[in-house]
Amino acid sequence: MLKTGFPIIHFYDQDFVDIYNKTWLWLNDFWVKGTKKNGFQNKYYNYPENTVINQYEACLSTFFLVYSNSIFSPTQALDNFYGKQEESGAIRGIYNQETGMPVFTRDNPECLFPPLFSWAEFNIYHKIGVKKRLKEVIPVLEKYYEWIESKFQQKNGLFKVHLAVEQMDNTPRDKAAYLIDFNSQMALNAYYMSAIGDILNDKEISFKYKKKYYSLKTRIDALMWDEEDNFYYDLNKNEEKVKVKTIASYWVLLAQIPSEDKAAAMINLLSDGPFATENPFPTLASDSPAFDPAGRGYCGSVYPHMTFMLIKGLEKYERYDFARECAIRHLYFILDTLHPDGDKQGDIYEAYSPVKGAPSKWEGKKNFPRKNFLSYVALSTITLMIENVIGLYISLPRKTVDWTIPILEIMGIEDLSLKRNMITILVNKSGRGWEVRMESEKLYYFTINILGGKKKRLPIPSGKCSILIDKI
């Protein structure tokens, strides 16, 4: 196979491999140069048709760029925003790409966006392993957190923000004031701020944000959970539940807010309920009066970045087999639009129909869905491919690779960089049974977890070696 410098994946369905490889090629067109006028980084990631830089897209892009073997930088798009931090601690969600000035709107007067920096930085650290970066960014992240608290936290402990903050356009949640997704994102923010404090061995930061996390988690659980519907809802300005079921509520899984019983009830709605559409997962429950099987934006479309969020939430509750099943089903729907008629070349899109292999439709909405919008789609074609379809989780600081295998299949990864250590892990069936073959330049620790019941952690020496799964 042609060496490109990117990790090479192996999977029994060649279409999955092809779309993974094509995504890396398409990403070559997603790089922009900063100027003296806008004050942005010399070279950073952005969708080519954007006239602005978008904080949400920048944070999400880091989750696939970390797998580029350092060919593409996952950090420079984030540094654009850190470099614009104001004295108050504010970081605005959108800046004009020409002037570098923030873009304020009537619907979002503070230009606040989902606060995902700490989650992104924690993941970057585990995939790239640079502790120095965390030391540099933690003061920025602390000021940003404190600014959001001072502006938007209310006496009830929850955050009250404009619906436009969540970038969900036409979602039928117009009566919402206390958003379940934003409050869950702030809990997630505090959780990873505490985790970064642990990495830096800063007990003060760790304890401070752990306390904020548990305080917010308790408030969300007490005020936003509906016992009758087994669901978390937004609240209106009077702190009454707004009973519209949207995918936004599933941010609670990623923030680990529900108990196991509550999480199980919510997950049941994904497998046998109003979110159990053929293409996982619709942004609006299919039994909602506003649900549109054609998608119509956030009235039912499947957005890859929301599906990614939900699958990462399923992992937090160890639903690995269901997460993998949903990732594979979702990828097949993406492939349907890439190959609409045999060998004919199609496109991949920002949003999809929840019931058929077609892009979402929204009458009257220009440039929707955006073609090749990799800020969202690459989360599926790269990140879900590596982490959920193949099943690998890598931590460079720990020198560990965890491989969760729901079903034994021919698959694996080749030439993945583990911080100046290129590794290869492949599972195949030989005359002796199922075998894991590995190659490494340096020692690392490998945990294999076969969901049928076998789990073992092994030190993998430099050179080539193999493990017979029957012998584990």
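**Notebook: hairpins, helices, core and cavity**

I began with the hairpin of strand 12 and strand 13, where four residues lie between the strands and Lys 419 takes a positive phi near 55°. The model I am reading is a predicted one.

Entry on the strands. I looked up how strand 12 (residues 411-417) sits against strand 13 (residues 422-430), and found antiparallel pairing over five bridges. Ser 417 stands opposite Met 422 of strand 13. I then followed strand 13 onward to strand 14 (residues 433-440). These two also run antiparallel, joined by eight bridges. Their hairpin has two residues between the strands. Across this pair I noted Leu 426 opposite Arg 437 of strand 14.

Entry on the core. I asked which residues have the most contacts inside the largest nonpolar core. They are Leu 27, Tyr 250, Trp 403, Ile 425, Val 436 and Phe 446, in a core of 166 residues. I picked Val 436 and listed what it touches, leaving out residues up to four places away in sequence. Among its contacts are Trp 403, Ile 425 and Phe 446. The list also includes Leu 426, Val 427, Cys 465 and Ile 467.

Entry on helix 6. I checked the length of helix 6 (residues 180-199). Is helix 6 mostly covered or mostly uncovered? I found it mostly covered, with 18 of its 20 residues buried. After the helix comes Asn 201, with a positive phi near 55°.

Entry on helix 4. I repeated the check on helix 4 (residues 117-128), which has twelve residues. From first C-alpha to last it reaches 16 Å, close to the expected 16 Å. Eleven of the twelve residues are buried. The buried ones include Phe 117, Trp 119 and Phe 122, and also Glu 121, His 126 and Lys 127. Just after the helix, Gly 129 takes a positive phi of about 80°.

Entry on the cavity. The largest cavity has a volume of about 70 Å³. Which elements each supply at least two residues of its lining? I wrote down strand 3 (44-45), strand 4 (52-54), helix 2 (55-65) and helix 3 (76-82). Helix 3 gives the most, with three residues. The lining includes Tyr 44, Tyr 45, Ile 53, Glu 57, Asn 80, Phe 81 and Ser 375.

Definitions and conventions
Residues are numbered from 1 along each chain as its sequence is written. This is a predicted model: local features need pLDDT of at least 70, side-chain atom pairs count only at pLDDT 80 or more; totals for chains, interfaces and linings use all residues. Side-chain values use heavy atoms; hydrogens and water are left out. A nonpolar core is a set of buried Ala, Val, Leu, Ile, Met, Phe, Trp, Tyr and Cys residues joined through side-chain atoms within 4.5 Å. Buried means under 20% relative accessible area, exposed over 50%, partly exposed in between (1.4 Å probe, protein chains only). Contact means heavy atoms within 4.5 Å. The expected span of a helix is 1.5 Å times one less than its number of residues. Two strands pair if DSSP finds at least two bridges between them. On a 1 Å grid over the protein atoms alone, a cavity is a set of points where a 1.4 Å probe fits but cannot get out, and a pocket is an open set with protein on both sides within 12 Å along at least five of seven lines; lining residues have an atom within 4 Å of a point. Grid points are joined across faces, edges and corners, and a volume is the space filled by probe spheres set on the points.
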